[in-house]
Amino acid sequence: MRHLVLVLGDQLDLAAAGFDGFDPARDAVWLAEVAEEATHVWSSKPRTVMFLAAMRHFAQALRAAGRPLHYTRLDEPGNQGSLQAQLHADIERLRPASLVMTAPGDWRVLQAIQGVAKANGLPLDIREDRHFFCSVGEFAEHARGRKSLRMEHFYREMRKRHRVLMQGNSPQGAQWNFDEDNRHAFDAAGPGVVPPRAAFEPDALTREVIALVEQRFADHPGRLDSFAWPVTREQALEALQRFIADRLPLFGRYQDAMWPGEPWLYHAHLSAALNLKLLNPREVVDAAVAAWRAGAVRLASVEGFVRQILGWREYVRGIYWTRMPDYAELNALDAQENLPAWYWTGATDMACLRDALAQTLEHGYAHHIQRLMVTGLFALMYGVQPRQVHAWYLAVYVDAVEWVELPNTLGMSQYADGGLMASKPYVATGRYIQRMSPHCLGCRYDPAQRVGERACPFTTLYWDFLLKHEAALAGNPRMALQVRNVIRLDGKQRHAIHERAGAIRRGEVN
Ligand SMILES: Cc1cc2nc3c(=O)[nH]c(=O)nc-3n(C[C@H](O)[C@H](O)[C@H](O)COP(=O)(O)OP(=O)(O)OC[C@H]3O[C@@H](n4cnc5c(N)ncnc54)[C@H](O)[C@@H]3O)c2cc1C
Ligand code: SF4
């Protein structure tokens, strides 16, 4: 064998760089399902099914394309349990002259594969992942010499370089950013009838995976009775079309809104398909821009959406690959609490958290504001160790892969990088959630109260957070107003907040 082409569970693209020059007469593809990928964090059942079902369908596509394949199933006798051990065993058996692959998304996996190649004395050809608009080298170039990094600068550069929503050298609509038009809450009548999401009834292959995961990872979090994610390229393309036609017109407007019992709203639900490489971000951006050109969607919605894909998604990848491995260890606020156990079950009286956790466990999905301003916000103000927060986010969502999850969690949500990703910690009282949803109406707590029996834990912890970090935050001009309010608190008020926050952390209030 000339090349053994290694494909990982999040590299399911027949046109990936690893396949360039593939010769079926001399080369073969290697894919392996290994338990370690579901256990190095306590991976939820929906997430594990997402990966395994997509991998098995991709194996079918490889065979149909006539590419010789060495595929190890999770339940196969002799499965070695980890990527390293499996690859090592397969190299001994297949004796390839060299290994080839598209650059892995995770730092941990890159180290593992480089280690196996070295131990076996084999050349390893790692090719740039052209799935992304921006290479790691280009991002490093962008970051070079800048005192601070801001997504907005990067995003504008990307718009210009890739000629997306541009008119000559200016942005379409003479504005880079339509945030003002976007991000509304629903009025009291609620979202009304939300278009049904693109749901895909599991076929025989996916049902087999569901049964396997139920049996093998029985004690893992999450449920599988409503698993309906796209697991093939064809399904992913259909999900994209459905999003463009049904949801994109209201995407921007309700990007930040929440409504009880409505997990899907006007979001794309395309992150897992994108991260597993069933979809290419260019085709996603092109489809959105084409809908605007056809007059079907307002510019504000399309810009809001393009910003997420061409901006945020590329930006966090650049941060990850230019900052790892030290990035994963950061804990700028010295947060040392354990993650409350109810994050894994949803058993809390806090209505907003209960709703976000219930849909997370049922579908492996929550939208950005639920992740940032409900589950993330609570963990930040509670003071959970960033590594534990990271392990939770990496475990529970079907779209969770470390290069995108880690900067979002450690940086944007937990401020553990001390301001590299976000210019200030995203902290807020329960009133933010009250503004963006009707959750507080059905909650035993009151977002306006910071102490007392009915005090909203978010509101208590917000004041507690400011008190705890008063000195550190005083130097941040974007926090000036919030810090000024905290300075006004007298000793008695401070004590009452401290007591109530202690009760929350002891689990007496949850
Ligand atoms: C704490 C935390 C953890 C997160 N973990 C992940 C993760 O593991 N995997 C993941 O893909 N996203 C993650 N995100 C980003 C974002 O929440 C999800 O991409 C989004 O909710 C996925 O749902 P959607 O496809 O309906 O997205 P939409 O809201 O419809 O957005 C469209 C697309 O834009 C991209 N996107 C949007 N926001 C971001 C962002 N902040 N960073 C990168 N891409 C973005 C996604 O590809 C998404 O599919 C995280 C955010 C936070 C705050
Ligand atoms: S009162 Fe507080 S805990 Fe309850 S729903 Fe509102 S923000 Fe959440």
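Which residues of α7 are buried? The legends below begin with that helix. The model is predicted: local features need pLDDT of at least 70, side-chain atom pairs count only at pLDDT 80 or more, and totals for chains, interfaces and linings use all residues. Residues are numbered from 1 along each chain as its sequence is written, while chains are lettered from A and ligands numbered from 1 in the order in which they are written.

View 1. Helices (H or I, at least four residues) and strands (E, at least two) are DSSP runs, numbered from the N terminus. Helix α7 comprises 13 residues, 204-216, and spans 18 Å from its first C-alpha to its last, close to the 18 Å expected at 1.5 Å a residue; the expected span is 1.5 Å times one less than the number of residues. T206, V209, I210 and V213 are its buried residues. Because they cover an arc of only 105° around the axis, they lie on the same side of α7; the arc is that of the directions from the helix axis to the C-beta atoms. An α-helix has 3.6 residues a turn, so residues three or four places apart point the same way. A204, A211 and Q215, on the other side of α7, are exposed. A residue is buried if 20 or more other C-beta atoms lie within 10 Å of its own, exposed if 12 or fewer, and partly exposed in between, with C-beta atoms placed from the backbone. The buried residues of α7 pack against α2 (45-64).

**View 2. Domain 1 against domain 3.** The domain assignment gives domain 1 (3-127), domain 2 (136-195 + 247-323) and domain 3 (341-505); such bounds come from an automatic or database domain assignment. Between domain 1 and domain 3, the C-alpha centres lie 38 Å apart. Ten residues of domain 1 are in contact with twelve residues of domain 3, contact being C-beta atoms, placed from the backbone, within 7 Å. On the side of domain 1 that touches domain 3, the residues divide into four nonpolar, three polar and three charged. Ala, Val, Leu, Ile, Met, Phe, Trp, Tyr, Cys and Pro count as nonpolar, Asp, Glu, Lys and Arg as charged, and the others, Gly among them, as polar.

**View 3. The shell around ligand 1.** Ligand 1 is surrounded by 27 residues, of which H267, A268, S271, Q308 and E405 are the closest; a residue is near a molecule if its C-beta atom, placed from the backbone, lies within 6 Å of it. Domain 2 and domain 3 both give residues to this shell, so ligand 1 lies between them. Helices α10, α12, α14 (368-382) and α16 (402-413) each supply at least two residues, and the largest share, six residues, comes from α16. The shell has twelve nonpolar, eleven polar and four charged residues.

**View 4. The shell around ligand 2.** Among the 14 residues around ligand 2, C352, G430, C440, C443 and C456 come nearest. At least two residues each are supplied by α13 (351-363), α17 (430-436) and α18 (457-468); α17 gives the most, with three. Eleven residues of the shell are nonpolar, three are polar and none is charged.

View 5. The peptide bond from M324 to P325 is cis, with omega near 5°, and P325 lies in the loop between α12 (299-323) and α13. L165, in the loop between α6 (151-162) and β6 (166-167), has a positive phi near 50°. Because L165 has 20 C-beta neighbours inside 10 Å, L165 counts as buried.

Definitions and conventions: Two residues are in contact if their C-beta atoms, placed from the backbone, lie within 7 Å.
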